[in-house]
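Dear colleague,

Please find the structure below, handed over for your own work. My notes on its aromatic residues follow it.

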Amino acid sequence: AVICTDGITDIFNPQCIQNSMGSVFNVPVVLSSSLAVFEWLQKNEIVSVASTPKAKKLYTDIKIPKRMALIMGSEDLGLTPFWLENATEKVAIPMRAHMDSLNLATATAILLYGLKGHQIA
């Protein structure tokens with residue numbers, strides 16, 4: 001499922017629908033507040049793993065739990081202060097010294113692929 005918080009992303013924007021190649025109609029989508037999502041994750045014992053280039057750990061350095069939510073920020077602003085403060089784990093993608101960011105879709109693809117192969121805690 002895809003969960004969009006705090007109205008940051010308009011998933012029904014025609015450009016968003018086009019870029020999803022119609023996937024937005026085949027994947028469960030939830031619109032909610034960050035606080036409500038965070039509380040739901042905690043209640044259901046789902047670990048939140050947030051991606052930020054400022055994280056001290058690389059995504060390859062953590063054991064992935066059986067129940068995980070991958071938290072991604074907007075492409076231009078990154079994670080909100082709420083998720084930077086409250087996520088269970090914060091991870092970065094290793095990059096060369098002169099690079100400091102990736103396209104959101106690329107970063108998400110790298111993390112989903114890379115985390116899939118990790119040992120489950």
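**Confidence and aromatic contacts**

In this predicted model, helix 2 (residues 34–43) has the highest mean pLDDT among the elements of the protein chain, at 95, while helix 1 (residues 14–19) has the lowest, at 82; pLDDT is the predictor's confidence in each residue, from 0 to 100, and helices (H or I, at least four residues) are DSSP runs numbered from the N terminus. The average over the protein chain is 84, with 91% of the residues scoring at least 70. Where pLDDT is low, the predicted coordinates should not be read in detail.

As to conventions, residues are numbered from 1 along each chain as its sequence is written. Local features need pLDDT of at least 70, side-chain atom pairs count only at pLDDT 80 or more, totals for chains, interfaces and linings use all residues, and side-chain values use heavy atoms, with hydrogens and water left out.

The whole structure holds 3 aromatic pairs (rings of Phe, Tyr and Trp, the last by its six-membered ring, with centres within 6.5 Å; planes under 30 degrees apart are stacked, over 60 edge-to-face, the rest tilted). One of them joins F38 and W83 edge-to-face, at 6.2 Å centre to centre and 70° between the planes. This pair links distant parts of the chain, since F38 lies in helix 2 and W83 in helix 3 (residues 81–86), 45 residues apart.

F82 is partly exposed at 22% relative accessible area, whereas W83 has 4%. F38, F82 and W83 form one aromatic cluster.

Best regards

Notes:
Helix = DSSP H or I, 4+ residues; strand = E, 2+ residues; numbered from the N terminus. Buried < 20%, exposed > 50% of the residue type's maximum accessible area, 1.4 Å probe, protein only.
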